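Here's a quick briefing to read with the model open on your screen.

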Amino acid sequence: MISVLLLLCAPFAAARTVLVSGATGQTGLLAYRQLKQIPNVTVRALVRDAAKAKTKLGCDKCDETEGVFVGDVAKKETLVAAMANVDVLLIAVGSVANAYQVFVEGTRNQIEAFATAPGPALQEKQIVKVSTMDTTKWIGRIASPFFYHGVSDQDISVSGIPFTIVQPCGLGDPTTPPNTNKLLVSRDDLPFQDGKSASIHRADVAQVVVYAATHPKEAAGLKFDLCADSQQKPEGSEEQVMEEVFKKALLPWDPRAMTFAKPIVV
């Protein structure tokens, strides 16, 4: 893990600041911890509860001096301080009971706070989001979080800020390390072509969004489904696996895909 994370920071000569919203959630916490291991990356956490942050993040004061900001995505005014001088907003919030408030209103609040915050120019900023599969159709109120994730994804894609949206299938064991199973890539809820999908370990999702946050040239403008095949092992090093994921996520007409054979078919 350490070796690939060190490689993640290689493209950057200057410091990069990443804010993880939902940093005490299961996937957000894994992304936060992975980012903390990368030199030259300053990591901030947006949390709702400082006491929970102390338990989960291992902070001492758990305040802004340690990069921990207390705020609520449903309350735009609480997001201002956390967004200042941030390069990447990594959204990993989750909710079931208040899905519209968190995924729709909360995303819009985060976009506006991030877009208007002092710091890099708009086109030099980046939003990376942990979304979900099954966003392409309404399948009943009980599944409304999936639909509202889709609304959130759309809002991000038209925000004018470079983005990467990762839409994982069912999230599995948060304790299993990444790079255990072969990762599968598709989009728009289409079948995966190179394996049998079931679920994906949260650490794999975290590693993919961390790679996106530290490789904006490779990741910008991409929205894709992500799953894993538990019957197949990954091929190559962790860095090679990440490179392959983002190659497969490219649309055939993307100029970045021209140098790769067999881009994903849609």
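How many disulfides does the count come to? Taking a disulfide as a pair of cysteine sulfur atoms within 2.5 Å, the count comes to two. Keep in mind that this is a predicted model, where local features need pLDDT of at least 70, side-chain atom pairs count only at pLDDT 80 or more, and totals for chains, interfaces and linings use all residues. Residues are numbered from 1 along each chain as its sequence is written, and side-chain values use heavy atoms, with hydrogens and water left out.

**Disulfides**

- Cys59 is joined to Cys62, with an S to S distance of 2.0 Å. The torsion about their S-S bond is about 95°, so this disulfide is right-handed.
- Both Cys59 and Cys62 are buried (under 20% relative accessible area with a 1.4 Å probe, protein chains only; exposed is over 50%, partly exposed in between).
- Cys169 is joined to Cys227 at 2.1 Å, S to S. Here the S-S torsion is about 85°, so the Cys169 and Cys227 disulfide is right-handed.
- Strands (E, at least two residues) and helices (H or I, at least four) are DSSP runs, numbered from the N terminus.
- Cys169 and Cys227 are buried.

**The sheet**

- Eight strands form an open sheet in the order β3-β2-β1-β4-β5-β6-β10-β8, with mixed pairing; two strands pair if DSSP finds at least two bridges between them.
- β3 (68-70) and β8 (182-186) stand at the edges with a single partner strand each, so one side of each has no neighbour in the sheet.
- β8 and β10 run antiparallel and are joined by five bridges. Lys182 has Asp229 in β10 as its bridge partner.

**Helices**

- α9 lies across β6, β8 and β10, running at about 15° to β8. Angles run from 0 to 180 degrees between N-to-C directions, and axes are lines fitted to C-alpha atoms, for helices over the stretch in contact.
- The axes of α7 (residues 202-214) and α9 (residues 238-248) come within 11 Å and cross at roughly 75°. That makes α7 roughly perpendicular to α9 (65 to 115 degrees; under 35 is roughly parallel, over 145 roughly antiparallel, the rest oblique).
- The contact (heavy atoms within 4.5 Å) includes Tyr211 of α7 and Phe246 of α9 among its residues.
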